[in-house]
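Let's walk through this structure together, starting where the chains meet and then turning to some of the side-chain pairs.

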Amino acid sequence: MRKSWSRSLPPISPDYSGACSCLYELNPLIVIHDAAGCTGNYTGYDEPRWYHRPAPVFCSNLRELDAVLGRDDRLIGGIEDCLDTIRPEVILICGSPVPAVIGTDFEGIAAEVESKTGIPTIGLPTNGTHLYNWGYARCLEALVRRALRPDFPNSAETRHEEANGQTVSLFGLSAIDGMDRDYTDWIKRGLAEAGTTDICSVTMDCAMSELHQIARSDYIWVFSEAGEGAAALVKRRQPNLKIFHGLPLTDKQRGEMIRALISGGESAPKPDAVPAKKKKALIVAETYLAGSIAALLRDRGGWDTETVVLQEDLGFSSSGRVPHIDSEDALRERISQSDAALIVADPLLKAFAPAHARFFDWPQFSLSSHLYGADQRSVRIIARQFLDMMERID
Amino acid sequence: MSHELDVTVMPACLTYMTPARGGWSVVRRALLLPESYLFFIGMPACMRHIILSSLELGVQDRLSFIALNDANLATGGYEDTVVEEIANAIPRLGTKPRVVRMFFTCMDDLLGTDHASIIDRLHEQFPELIFTVSHMNPIRADSPVPPPIAILCDLFGLLEKPADMAEPGSEKRVNFIANNIAVPREDLICRWLADHGYAVQHIAEFKTFDEFQRMARASLNIVVQPLGLRAAGEMEKRLGIPFRYCPYSYAETEIEANFKKIAEALAIDPPDFGEIRARIASEAKETAVKLAGFPVVIDYAATYRPFSMALFLQRSGIAIREIYASEWLTSEDTAREALLAADPTIKIIDPSAPARIGDRKAVPNVVAIGFEAAYLTGARFVLPYCADEFAYGYDAQLRLLRDLRDAVDAPIDLERAVKESGYTV
């Protein structure tokens with residue numbers, strides 16, 4: 001959805017929304033360097049937690065003269081003024097299209113803010129052309145780099161505890177992708193039942209003071225493609241680290257994935273092929289989510305699946321990524337020409353579906369925001385509704 | 001008239017936007033023009049709230065977007081992209097428009113785009129269509145022509161001077177300018193003008209572009225919001241239509257002065273206010289009784305005149321608790337001083353200040369006028385007003401009193417109401 005004319009679909013959530021979403025629960029101060037609309041995009045349409053659990057996300061009120069004259073000092077001064085009332089543990093400053101045009105140096109601004117305030121500060125050159133998964137990935141990588149630094153708070157404690165038990169860090173838990181605190185609790189409960197209680201959920205229901213645990217992780221469990229880059233960073237430092245990939249949607253999938261994780265596997269075991277008459281399903285979803293929906297169908301037997309991904313290709317291969325579709329015309333053609341008997345996709349894509357296909361509404365916040373209730377239901381709840389529907393039609 | 005736009009601004013650094021922030025977007029205002037189609041042009045990110053809000057409003061068939069990318073910006077090839085994409089798109093639109101409006105976003109201000117060339121190239125291919133350029137550029141919010149003012153100039157700039165137009169004063173038509181929703185026809189001002197033979201015209205009421213051109217034939221433009229002053233000035237120069245600034249108001253002296261200005265301009269007698277004044281006095285007493293124990297909070301998205309509105313309610317015996325405003329017209333200063341002199345406990349709070357992030361309250365029994373005041377006080381009783389556009393003059397006083405009484409009988413789900421309102425940042 002990133003190129004040329006789009007007639008009916010909104011663009012996918014942009015990069016700055018992914019970056020903001022990544023740090024949202026870490027007691028942050030987040031500044032989007034824009035005039036108003038980009039912040040309104042994020043708070044109005046890209047942050048499901050905004051209404052009931054607002055975090056300090058502010059607009060820098062960028063004006064034309066600021067851009068022409070390069071008045072970065074106004075942005076820095078605004079952040080300093082804020083600290084009279086906000087006590088953040090981390091600061092994020094991210095960009096929008098205008099700063100991209102004038103070449104704003106976000107890393108430099110972040111360094112200056114950090115030196116003035118003493119608060120860890122991340123500057124990201126988001127520009128509104130990338131997608132949310134890119135922004136989330138870059139922000140998580142910046143956060144993890146910082147957590148791995150020897151001067152990160154509590155890192156001495158980390159070294160002291162290094163020999164104790166097993167630690168699992170959860171990467172890529174993303175509110176925009178339908179993972180919420182209930183979902184995170186459910187994952188933690190599953191791990192606890194399997195004997196692992198030392199869990200760092202990093203971007204969801206977590207505190208900055210817990211992030212030192214990343215450095216002593218034995219396992220990293222990655223829940224979306226946007227978490228893969230950060231996991232690779234940790235692996236580079238700790239070659240013995242085991243990285244597991246998968247987004248469980250049901251108790252059964254969770255159990256299988258936890259068993260596979262503890263046994264050192266990299267993803268959930270695939271079920272044995274069921275020789276049967278195969279029907280085809282087309283799934284339009286984030287690559288991990290699509291994989292898990294496909295697994296649900298394979299479990300039921302008799303289904304072949306194809307995947308369409310709208311999220312930006314981040315260059316990782318572990319999830320068996322298919323190339324993403326980035327124009328509305330191409331997406332319309334791909335769906336309308338499909339011979340699939342079942343299409344699982346956001347309700348906004350129903351208009352493209354051929355008449356012969358059954359369509360299951362799987363609202364995705366990154367596309368339709370709150371229009372179809374994706375802000376009210378986690379992926380687990382939608383998966384339950386999906387399985388109920390499959391019970392009725394199979 | 002520029003002093004009418006003067007504002008007092010609260011000290012600000014970074015801006016907090018509550019989940020209830022919003023109003024009529026540039027998009028929604030632009031769509032008031034009948035038989036027009038809008039192409040938004042810029043980075044894809046800028047288009048997300050536009051398209052999603054158009055889906056919420058059910059107007060998605062009247063607009064779409066052309067996403068630019070780093071490559072065609074870096075090479076300057078985006079002007080060709082815009083022409084090619086629009087030329088390809090026009091034959092595929094469901095309903096053929098009369099006017100194609102191109103909206104460029106903030107970064108266009110820094111690019112030096114040759115808009116005239118884009119219009120010429122498109123006009124060569126589609127000579128039957130009118131092509132125009134507008135901007136959705138909040139980066140110019142502090143300029144003399146910020147987007148809400150520019151959009152009105154662009155809209156009314158499409159009126160053509162009729163070749164056979166008689167003297168402006170001979171036309172028995174009056175335009176209302178700058179409001180997004182027409183003043184209710186049952187309001188005194190419309191009945192009074194109709195009684196004197198004047199047809200009242202508002203852009204939202206025309207179904208075709210040709211019908212919209214009737215606004216070029218008018219004896220007077222009544223400007224009801226300060227945002228419309230520039231457009232009205234341009235119409236006066238270009239079309240010869242005089243204007244009077246007669247803003248929405250809640251102050252008796254100003255309401256009657258507004259009617260007097262219109263009466264003088266049209267050389268008619270002002271209306272008799274006796275009956276409506278008596279009804280307001282009676283309903284004010286009834287409302288004060290019903291709202292005993294229900295303090296009122298007001299925000300500046302609901303009204304450009306928060307202090308005048310509050311002063312009217314206070315003088316009607318209704319308790320005012322807080323006014324939420326980041327800025328206000330300096331013409332409101334007198335009402336503000338009178339309000340605070342009568343009750344120094346009333347607080348004026350900046351809803352955009354970063355401190356508001358942790359400042360959401362749960363005030364018992366509070367009645368909010370405006371969504372943002374409702375969010376920040378936890379109000380369940382809410383008047384979902386936006387920019388005063390519910391009634392005019394004494395009818396606004398009357399409607400406000402009635403709506404307050406109704407509101408305390410009907411608590412709302414604020415989150416749902418905000419999301420369904422279609423108001424955006």
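**Where chain A meets chain B**

The contact, meaning heavy atoms within 4.5 Å, draws on 64 residues of chain A and 53 residues of chain B. This is a predicted model, in which local features need pLDDT of at least 70 and side-chain atom pairs count only at pLDDT 80 or more, while totals for chains, interfaces and linings use all residues. Residues are numbered from 1 along each chain as its sequence is written, chains are lettered from A and ligands numbered from 1 in the order in which they are written, and side-chain values use heavy atoms, with hydrogens and water left out.

About 5,000 Å² is buried between chain A and chain B, with carbon and sulfur atoms giving 64% of that area. Buried area here is the accessible area (1.4 Å probe) that two parts lose on being put together, summed over both.

In one salt bridge, B:Arg48 meets A:Asp46 at 2.6 Å, N to O. A search of the whole structure gives 49 salt bridges over all chains. B:Arg48 sits in helix α2 (residues 44-57) of chain B and A:Asp46 in helix α2 of chain A, so this pair joins two chains. Helices (H or I, at least four residues) and strands (E, at least two) are DSSP runs, numbered from the N terminus.

The two chains also share strand pairing, which requires that DSSP find at least two bridges between the strands. β1(A) runs antiparallel to strand β4 (residues 63-67) of chain B, over three bridges. Within this arrangement, A:Ser6 stands opposite B:Phe65 in β4(B).

What about the aromatic rings? Rings of Phe, Tyr and Trp (its six-membered ring) pair if their centres lie within 6.5 Å; planes under 30 degrees apart count as stacked, over 60 as edge-to-face and the rest as tilted. By this rule there are 26 aromatic pairs over all chains. B:Phe40 and B:Phe103 have ring centres 4.9 Å apart and planes at 25°, so they are stacked. This pair links distant parts of the chain, 63 residues apart: B:Phe40 belongs to strand β3 (residues 36-42) of chain B, and B:Phe103 to strand β5 (residues 99-105) of chain B.

Technical notes: A salt bridge is a side-chain nitrogen of Lys or Arg within 4 Å of a carboxyl oxygen of Asp or Glu.
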